[in-house]
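This report covers the aromatic rings of one model and the charged groups beside them. Please look at the sequence and structure below before reading on.

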Amino acid sequence: MSGILYWLTCQNSRETSYRIKSFRSGHLAFLVLMIIFFILSGTSGEVYGQYKLTKEYAQTRLDGWMCCNLDEVLMKISGEQNLKFKYDAERLARIEFKNRIINKPLGMFLDQVCKDNQLKFYMSPEDSVIHIVDRWFTLEQSSIQEIKTYTGGPKKFNFPISGTVIDKKTRESLPFVAIMPVSSKTGTTSNVDGYFSLLKVPTDTSTILFSYLGYQPKKIYLTPDTKTQELIIQMEPEAIGLEEVIVKGEKQDILQVSGVQTSMIKMSPIKLDYIPNLGEKDMLRSFQLMPGISAANENSSGLYVRGGTPDQVLVQYDGFTVYNVEHMFGFFSAFNSHAIKDIQLYKGGFDAKWGGRLASVVEITGKDGNQKSLNGAVDLSMMSVSGFVEFPVNEKMTVTLAGRRSWKSPLYTKIFDQFTEDNEVPMGGMGRFGQSTAQETKSYFYDLNGKITWRPNDKDIFSFSIYNGKDDLDNSISPQVPQGFPGGESFSMDMEMIDETNWGNTGASLKWSRQLSERFYMNSLLSYSNYYSSRVRSTSGSFVRGDEEETSISRGINEDNDLKDISVKSDFEYKLFENQQLEFGFQASHIDVDYNYIQNDTLTVVNRTSNGQLYSAYLQDGISLLSNKMVITPGLRLNYFSETNKFYYEPRINMIYSLSERFKLKAAAGKYYQFAKRVIREDITQGSVDFWVLSDDDLLPVSSSNQVIAGFSYETNAFLLDIEAFYKELDNVTEYSLRYENTRDGGPGRPNESSESIDYSENFFTGTGISRGIDFLIQKKAGDFTGWIGYTISQVTNNIPAFGNYDFYAAHDVRNEFKTVATYKWHRWNFGANWIYASGKPYTAPEGGYQLTLLDGNTADYINVSVKNGNRLPDYHRMDVSATYNFTLPNRSKASLGLSIFNLYNRSNIWYMTYEIVDDEIIETPVYYLGITPNISLTFKLK
């Protein structure tokens, strides 16, 4: 019998055994379970002796003392009864067995032993050998050869095969695996559920190659006996850090640039330890090290992709949209890396199946859960503690749970203080003074992930995924009385400063996947997403200086934003021919957005409530032409938006042309619309912020972009050169500002000093923008020393008529950005380093100021500003380094100890400028990013 079994020579009466990865039970380091609120169909009805013995063998009687492990017991039975067994001798030798057997039938004995130890048995009729295998083993696997032994000629030509690709250790499906016959240029990829279909395999003796980032490449050798349907292909992760493990096959790097999709890159979640980090393994922060994605934003783990802003990036986690991806002022992303199985980023030119965003797409697939046994991990760093557990409920159902919470460590306090250091109290014309008391600030963040996956049969998969994350920051203070004034003036005050911010996401999806036929696959999904944010910042009280009268202060803001998204969609994949795959689908969404902005408790600046329905349908066709040298994917997306009562058409096209196996040309173009967007609220004095709104046909027109991408790549087994140029035209770019009055005829106006005639809710200003640039990537992929060099030269300009009849640089425009990343593996050590350089970002500086009396009698400072974004901050650069030591605990659990240093040479990079009018003079104060910051982390894994 051939197959995926690696036969080894056994001693004495043992037959050869196959080497498979074993699982170990009893290593339960912790118990993190919650009550599962639904159980589907009870147990799976397992039959451990599914492939029955013949009656003669089943009734063979066993008698006597059996000791001391299962391997020795089977050796004894084999010798006494003249039976032949095949099994994994190494694994069975670890299973203790001490029992007195009295006249028990062999079939009953094997049934009980297999049930107790996650095994099953069957007899091969051709040679009467009893096989004892892992309970997940299927007979279909026995026809798959991983070592070429068949030497005969082919008997079948141009036939289809289909199946599922899984992780060998956990049996989780692997999405987006590249699959190709070695002798052919026509291949395919597995879908999000790991299912694949190759319609035209050249012969039944072909070799099929399976490639997946972070896993060892896998070859299977077909024979005329190989089953062609419902194949189970098992892939093994690359070994990380354990020198006693010998890895065979081509070694791959942390990231991978797609060879079949323009501007698409993948990153391996299991290799995040290689990249320097500040307290957390962070997928989105790691993507910022790629060309075309800005890394000069320490305050945002959101992605600024090719001149776009984070709201222009569609982030989907198991099918539901995540509208905010940030923790801790944006310093960390909202995703726990332990819960992520796969992540793909489209930097532009994405297909018609994606919609609702202008810049890019991030597709995150959560882990389904280990189908074999309990597994878990714990991370402890100077920022947070996180845990992860996965386990099978039965053969058909798995559960994954993950959680993370910050703790008040010195590192957490340093970051919090750095990002909230502006805690002095403004005292009118006397300037800013008064520091906080010893009152402890309260702040934390957490996130939770859960996923239940049920596979009732070979064709259907049901999954329920949920996410919840929250940040709660309270920097309220009671200021101290200053120690004195020049001349010994007396001073007294009673002040309170409230500074409370919280935001969070909740998302959930219920998905049904079904293999309708060998060619036809369906995914249907119901999803819910909610993002909310609340900010209260106020200063109130009074003070008396010397013999002056009591002066009262009451100023501040109250800002709330809430977005809800309920969606239902279905996606279909149909393999028309060997070289053509049709994809189509439908989606309906209800979006509800509220935004409320109040100043000084009395003046409602904006109170906006809107909701609408978005209906979408798409069709795209992936076609291979010219002997598979060209892959072209034209597509069309059609949208209807109820708020505008209009249709929106989005044609797309993506092309790859292979001049040779190594050299490829690529291009993409398309039209893109965005209906829910974040608008910048300009704040010259304290730094601008943004908020979500829903487009309408009045103040907030639907945003759109036309983009074109062209480039080439040259790739060998060890190196990659990738260059892409991009050009995007943006329409209906929107900002909100209190500096102007919206006259509704396109002309700007200064705020009226009476303030009563101004409708601030209409101060949305719209214009156009252009983003253009070139990305360069050189990557070393193989060997112990790997890494890449990335460089982007780009320009992002906007034109908003209300701000003036001129083009101005966007606030996130970075002209030059250079990044280099290096990783080195030495025995059990992983070393990493990166260096980032970026041109300074533009900002608007004031030229003068004045005071305005508000409706409640208070006064507010207003400033006259220079040309919009007419100044630039100093250039940004920093270096980060890391070292990780991997080791194994006595109970064979894995562990690692990591040290990272952020901003190694303590560069003082400016985040933004703040301004204040003091004695009719403008005081400029820079706010800095973090200086040198070390971190230590410790990780434990059961397996």
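The structure holds 39 aromatic pairs; rings of Phe, Tyr and Trp (its six-membered ring) pair if their centres lie within 6.5 Å, and planes under 30 degrees apart count as stacked, over 60 as edge-to-face and the rest as tilted. The model is predicted: local features need pLDDT of at least 70, side-chain atom pairs count only at pLDDT 80 or more, and totals for chains, interfaces and linings use all residues. Residues are numbered from 1 along each chain as its sequence is written, and side-chain values use heavy atoms, with hydrogens and water left out.

A pair of aromatic rings is described by the distance of the centres and the angle of the planes. Two of the pairs are listed here.

| Pair | Centre distance | Plane angle | Class |
|---|---|---|---|
| Phe641 and Phe675 | 5.0 Å | 45° | tilted |
| Phe803 and Phe808 | 6.1 Å | 50° | tilted |

Phe641 lies in strand 35 (residues 630-641) and Phe675 in the loop between strand 37 (663-674) and strand 38 (676-681), so this pair ties together parts 34 residues apart in sequence. Strands here are DSSP runs (E, at least two residues), numbered from the N terminus.

Phe641 and Phe675 are both buried, meaning under 20% relative accessible area with a 1.4 Å probe, protein chains only. Phe803 counts as buried at 5% relative accessibility, and Phe808 counts as buried at 3%.

Elsewhere, one aromatic cluster is formed by Tyr317, Phe320, Phe335 and Tyr467.

Charged ends also sit over rings (NZ of Lys or CZ of Arg within 6 Å of the ring centre and within 35 degrees of the ring normal). That of Lys156 sits over the ring of Phe159, 4.8 Å from its centre, and that of Arg872 sits over the ring of Tyr809, 4.7 Å from its centre.

Definitions and conventions. Helices (H or I, at least four residues) and strands (E, at least two) are DSSP runs, numbered from the N terminus. Buried means under 20% relative accessible area, exposed over 50%, partly exposed in between (1.4 Å probe, protein chains only).
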